[in-house]
Amino acid sequence: GLGDVYKRQFRYCLRENNDLVTVKAEMRFVENYLDIQKIRYPGEISSVYYMEEGIENALIPSLLIQNFVENAVKYARKSDEAIEILIYMRKEEDKLCISVNDTGEGMESDLAECLNEGKMYIDKNGDRHIGVYNCRKRLEAFYGDKTELHISSTAGEGTQVWITLPFTVSKDEMSDLC
């Protein structure tokens with residue numbers, strides 16, 4: 001039941017938090033998370049994802065896609081209509097390209113700018129929002145300057161997150177990058 005799904009999710013978080021996982025494992029986790037959110041918020045979220053054939057074993061930092069999906073669920077939901085979360089992953093030469101887009105509330109341009117500059121966002125209540133900041137830092141720790149993370153957003157219309165990183169399928173390839 002749902003309790004088992006929660007337990008599996010929790011174990012994934014503990015085990016994978018500072019490691020690399022396959023795109024396939026990350027997407028299984030994201031799908032489980034979205035299944036739970038669709039039960040929690042009936043009719044408020046729909047999701048579609050596309051994974052180009054042959055990339056399911058590519059390695060990415062764990063919880064990378066999850067972070068942006070979670071942000072969409074937390075901050076993008078609208079009171080009057082369902083939002084759609086679209087996840088698209090493909091290989092382009094030696095790069096893995098990932099996008100996480102939503103049709104939700106979007107964000108003000110100064111917030112998107114702050115996130116794109118790699119700053120930590122502190123809201124008007126003084127709360128620190130570290131998810132995007134941490135993702136950027138982890139990407140840089142794994143890939144140095146061979147990675148990119150860009151966010152564009154329009155208030156009221158949605159947010160687009162674009163991530164590119166080296167396409168790798170083994171830990172050995174990763175050590176060659178560093």
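Predicted model: local features only at pLDDT ≥ 70, side-chain atom pairs only at ≥ 80, totals over all residues.
The protein contains 6 helices and 9 strands. Of its 178 residues, 42% are buried. Taking the contacts between residues at least 6 apart in sequence, 70% join residues at least 24 apart.

The sheet comes first. Five strands, in the order E2-E4-E5-E9-E8, make up an open sheet with mixed pairing. Its edges are strand E2, residues 45-51, and strand E8, residues 148-154, each of which pairs on one side only. From one strand to the next the twist averages 10 degrees.

Strand E9 spans residues 158-166 and pairs with E8 in the antiparallel sense, over 7 bridges. Serine 152 stands opposite glutamine 160 of E9, and histidine 150 has tryptophan 162 of E9 as its bridge partner. The hairpin of E8 and E9 has 3 residues between the strands, and glycine 156 in this hairpin takes a positive phi near 85 degrees.

E9 also pairs with E5; these two strands run antiparallel and are joined by 8 bridges. Here isoleucine 98 stands opposite isoleucine 163 in E9. How many of the 9 residues of E9 are buried? The count is 7, so E9 is largely enclosed by the rest of the structure. In a regular strand, side chains alternate between the two faces of the sheet.

Helix H2, residues 23-40, lies across E2, strand E4 (83-92) and strand E5 (95-102). Relative to E2, H2 runs at about 170 degrees. Between E4 and E5 is a loop that holds glutamate 93. Phi of glutamate 93 is near 55 degrees, which is positive although the residue is not glycine. Is glutamate 93 buried or exposed? Its relative accessible area is 72%, so it is exposed.

The helices also pack on one another. Two packed helices are described by the angle between their axes and the distance between the axes. For H2 and H3, the axes come within 9 Å and cross at roughly 20 degrees. That angle makes H2 roughly parallel to H3, because an angle under 35 degrees counts as roughly parallel. The crossing of H2 and H3 is right-handed. On the H2 side the contact is made by Glu26, Met27, Phe29, Val30, Tyr33, Leu34 and Gln37. These meet Leu64, Ile65, Gln66, Val69, Glu70 and Val73 of H3. By class, the residues of the contact of H2 with H3 are 9 nonpolar, 2 polar and 2 charged.

Helix H3, residues 64-76, has a further contact with helix H5, residues 131-143. Their axes come within 10 Å, and the crossing angle is roughly 165 degrees. H3 is therefore roughly antiparallel to H5, since angles over 145 degrees are counted that way. H3 passes H5 in a left-handed crossing. In this contact Leu64, Asn67, Phe68 and Asn71 of H3 meet Gly131, Val132, Cys135 and Leu139 of H5. The contact of H3 with H5 has 5 nonpolar residues, 3 polar residues and no charged residues. Leu64 of H3 is listed both in the contact with H2 and in the contact with H5.

Two loop residues remain. Leucine 63 lies in the loop between strand E3 (59-61) and H3. Its phi is near 65 degrees, a positive value in a residue other than glycine. Leucine 63 has a relative accessible area of 15%, so it is buried; the cut-off for buried is under 20%.

Aspartate 19 sits in the loop between helix H1 (2-16) and strand E1 (20-22). With a relative accessible area of 30%, aspartate 19 is partly exposed. What is the distance in space, C-alpha to C-alpha, from aspartate 19 to isoleucine 60? The two are 8.4 Å apart, while their separation in sequence is 41 residues.

Notes:
Residues numbered from 1 in each chain as written. Heavy atoms only, no water. Pairing = 2+ DSSP bridges. Helix = DSSP H or I, 4+ residues; strand = E, 2+ residues; numbered from the N terminus. Axes fitted to C-alpha atoms, helices over the stretch in contact; angles between N-to-C directions. Contact = heavy atoms within 4.5 Å. Parallel < 35°, antiparallel > 145°, perpendicular 65-115°, else oblique. Left-handed = near helix turned anticlockwise from the far one by under 90°. Nonpolar A, V, L, I, M, F, W, Y, C, P; charged D, E, K, R; others polar. Buried < 20%, exposed > 50% of the residue type's maximum accessible area, 1.4 Å probe, protein only.
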